[in-house]
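Me: I am new to this one and would like a short tour. Could we begin with the interior?

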Amino acid sequence: MTEQINYGEREIIGVARVEGPIVVVQGVRNAGYDEIVEVIDSQGRQRLGRVLEVGEDVAVLEVFAGTTGLDIEDTRIRFLGHPLHIPVSEEMLGRVFNGMGEPIDGGPPPLADRYVNVNGEPINPTARVYPQDYIQTGISGIDGMNTLVMGQKLPIFSGSGLPHDQLAAQIVRQAELGMPVETERQDIASDQKPSAKFVVVFAAIGVKHDVATYFQESFAESGALPRVAAFLNLADDPPVERLVTPRVALTLAEYLAFDRQMHVLVILTDMTNYCEALRQISNIRGEVPSRKGYPGYLYSDLASIYERTGRIKGSAGSITQIAILTMPNDDITHPVPDLTGYIAEGQIVLGRDLFQQGIYPPIAVLPSLSRLMKDSIGAGRTRADHSHLAAQLYAAYAHVQSVRALASVIGEEELSAVDRLYLEFGHAFEREFLSQGTSENRSMGETLKIGWRVVSILPQEELTRLTEEEIRQYYREGK
């Protein structure tokens, strides 16, 4: 092997070993971790890669487009001396890109305002602003019970075969900045309207072709595409590319939020595919595996993605993140949902039992949680009774599970009159409050109205989480 200098760049001719997407190069001096390389095969075709590991005279590389066709003796490796940078601009809104940020919608590459490192820059914890404003998704199970807060990271835990793709597309189509219920009308005064623009950055990781097509058609047909930048990494794309896709999407989100002062909602689906690619690369590198074969640094790697979220002092923009992941065998203790739950501020869980009953979206309320919800709802933000109503719905629905278990043993006929009302409430809560159409966009006011309608099935003396004033004002509303 020989080292050549071309235009100030370091170039190696010949590699020591090729294994899957991994290339081992010897005779390297001054290579840096995460440095980008150009891999040139014997036909002169180029593909990008990055440095995974460096040692004395040795570097381990991963090639984004795979290593098919590379020859050990004739392959050239050119070290570029910097990490991966991508062009970003506001023109990327309304466009569709692959996992590396290259346009795939037939249009020209957008004009770049800047070239930015995809690894981002860490946010100083002291510069963070506590999230308090909410984002309305139009979905009652989220808005009413697990409110999404601007600047929050709120993952969705799903399972194989559950409608998380439809839910993701619906959130993209419907999400908007929230406002107090009292001002929910068409003639909102101009000083009450949000000043910053609201946009969505959507990244699909390792999805099938028909799912990617569904996302594109859904965004285009609904008219949401002009405010969406979509990054689609397909299942037959090289696994290594999946490790870059969420970082490319978040790099654009950071530019739009902190340079262009926009409120950005980032949706990443499916993060389990990302973790599977990370495990595959780790195994090829011969690293000592941790739980379920995943690398020991899975937590810190996920944190490097999830923590690129929030609001910072001096900026009117924000980044809110919804990471969707499928739990293998519906196991919430699996390393991917388990570690994600430690990092995020809550989770929304989709229930298979609800889905089998024909309820969409099948949001399992009891294991779901939004830790920042309490400070983003109430008077002046949603409505004064929101917090108490959500707590009452949660408590009543939890009691429904106990009543159903009792009824399965002794029969409904032997239940007390109050317990039968709880069964009626549980059915109405699932069929009227949780269940809604895939194109049904409910305002926060409509969500609260439905919540009061179903909770009014119960006697007033059972509504221990609500104040007497709230009961006088809203009880039996809409019946």
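Reply: The largest nonpolar core has 59 residues. Val201, Phe231, Leu252, Leu256, Val264, Met271 and Leu302 have the most contacts inside it. A nonpolar core is a set of buried Ala, Val, Leu, Ile, Met, Phe, Trp, Tyr and Cys residues joined through side-chain atoms within 4.5 Å, and buried means under 20% relative accessible area with a 1.4 Å probe, protein chains only. This is a predicted model: local features need pLDDT of at least 70, side-chain atom pairs count only at pLDDT 80 or more, and totals for chains, interfaces and linings use all residues. Residues are numbered from 1 along each chain as its sequence is written, and side-chain values use heavy atoms, with hydrogens and water left out.

Me: Which helix gives the most to this core?
Reply: Helix α5 (residues 245–259) does, with nine residues. Helices (H or I, at least four residues) and strands (E, at least two) are DSSP runs, numbered from the N terminus.

Me: And what does Leu256 touch?
Reply: Setting aside residues up to four places away in sequence, Leu256 touches Glu90, Leu93, Val199, Val201, Gln261, Met262 and Val264. Contact here means heavy atoms within 4.5 Å.

Me: Now the rings. How many aromatic pairs are there?
Reply: A search of the whole structure finds nine aromatic pairs. Rings of Phe, Tyr and Trp (its six-membered ring) pair if their centres lie within 6.5 Å; planes under 30 degrees apart count as stacked, over 60 as edge-to-face and the rest as tilted. The centres of Phe97 and Phe231 are 5.3 Å apart and their planes are at 25°, so this pair is stacked.

Me: Where do Phe97 and Phe231 lie?
Reply: Phe97 is in strand β10 (residues 96–98) and Phe231 in strand β18 (residues 228–234), so to speak of sequence, 134 residues apart. Both Phe97 and Phe231 are buried.

Me: What about Phe202 and Phe219?
Reply: Their ring centres are 5.2 Å apart and the planes are at 80°, so the pair is edge-to-face. Phe202 lies in strand β17 (residues 198–207) and Phe219 in helix α3 (residues 209–222), so the pair ties together parts 17 residues apart in sequence.

Me: Changing topic: in what order do β14, β13 and β16 run in their sheet?
Reply: The order is β14-β13-β16, in an open sheet with antiparallel pairing. Two strands pair if DSSP finds at least two bridges between them. The edge strands, β14 (148–149) and β16 (176–177), each pair on one side only.

Definitions and conventions:
Buried means under 20% relative accessible area, exposed over 50%, partly exposed in between (1.4 Å probe, protein chains only).
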